[in-house]
Amino acid sequence: HQALVDTSGSLLLAERTAAYQANHDELTGLPNARQLRARLVEHYAAARGMPQDGALALIKVENLKGINSIFGSLVGDSVVQRIALRLRACAEQNACHVARVQSGTFAVFFPHTHVLETQLQRLLECLELPSGEGESSPNVHLCAGYARCADGADDASALYQCAEFALTYSDTANYQPVRGYDVD
């Protein structure tokens, strides 16, 4: 009888572990793109066709490839982990949802947008990593693009695409590291 109890406990633990791994990023422990999509779909479903509040911001470490090339992938991973820790702490203070969606790209979903630009600017300031001592520490350059649910994004996929579009323009425009999606 005891062997049966031990086996079922191990099976339950394995199922929980598999579910966690399917929805979280291995390096940072943050929710992954799949979990973010589910959160966005829930947000749109809860609105039931009513005008939406909320916004999605994508934050990218612009120079992660360079950091990995110059300092090695262990340093690059450390940069990503440090940003993830700070992002989680800062975003949770504002009831935002955070995910790591690609190698050097994070997503933040803001359920309310009345002070979006201010919140996003504070978040980026919170993420600024000190360059460290000497030449052995990388400088980290961040850029962000965001889109509001009300900006013509009729569903979770459209919202993500609009935020990606804005990120692309912030990434190529060094003079404007934060860029919103422009419906015009």
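Select Thr105 first: leaving aside residues up to four places away in sequence, Thr105 touches Leu58, Ile59, Lys60, Arg100 and Leu167, where contact means heavy atoms within 4.5 Å. The model is predicted, so local features need pLDDT of at least 70 and side-chain atom pairs count only at pLDDT 80 or more, while totals for chains, interfaces and linings use all residues. Residues are numbered from 1 along each chain as its sequence is written, and side-chain values use heavy atoms, with hydrogens and water left out.

Stay on Thr105. Thr105 is buried, with a relative accessible area of 6%; buried means under 20% relative accessible area, exposed over 50%, and partly exposed in between, using a 1.4 Å probe and protein chains only. Thr105 belongs to strand β3, residues 105-110. Helices (H or I, at least four residues) and strands (E, at least two) are DSSP runs, numbered from the N terminus.

Now zoom out to the whole chain. The protein has six helices and five strands, and from the N terminus on the order is α-α-β-α-α-β-β-α-β-α-β. Of its 184 residues, 39% count as buried. Among contacts between residues at least 6 apart in sequence, 68% join residues at least 24 apart.

Next, select strand β1, residues 55-61. Six of the seven residues of β1 are buried. Which strands pair with β1? β1 pairs with β3 in the antiparallel sense over six bridges, and with strand β4 (residues 142-148), again in the antiparallel sense, over seven bridges. Two strands pair if DSSP finds at least two bridges between them. To find the β3 side, show Ala57, whose bridge partner in β3 is Val108. To find the β4 side, show Val61, which stands opposite Leu142. While looking at strands, note that in a regular strand the side chains alternate between the two faces of the sheet.

Turn to the charged pairs. How many salt bridges does a search of the whole structure find? The search finds two, a salt bridge being a side-chain nitrogen of Lys or Arg within 4 Å of a carboxyl oxygen of Asp or Glu.

Select Asp25 and Arg100 for one of them: the closest N and O atoms are 2.9 Å apart. Asp25 and Arg100 are both buried. Arg100 is also among the residues that Thr105 touches.

Select Arg148 and Glu117 for another salt bridge, with the closest N and O atoms 2.7 Å apart. This pair links distant parts of the chain, with Arg148 in strand β4 and Glu117 in helix α5 (residues 116-127), 31 residues apart. Are these two residues buried or partly exposed? Arg148 is partly exposed, with a relative accessible area of 21%, and Glu117 is partly exposed, at 40%.

End with helix α3 (residues 64-71) and helix α4 (residues 73-93). They pack at an angle of about 140°, with their axes 6 Å apart. Axes are lines fitted to C-alpha atoms, for helices over the stretch in contact, and angles run from 0 to 180 degrees between N-to-C directions. The angle makes α3 oblique to α4: angles under 35 degrees count as roughly parallel, over 145 as roughly antiparallel, 65 to 115 as roughly perpendicular and the rest as oblique. Show Leu64, Ile67, Asn68 and Phe71 in α3, which meet Ser73, Val75, Gly76, Asp77 and Val80 in α4.
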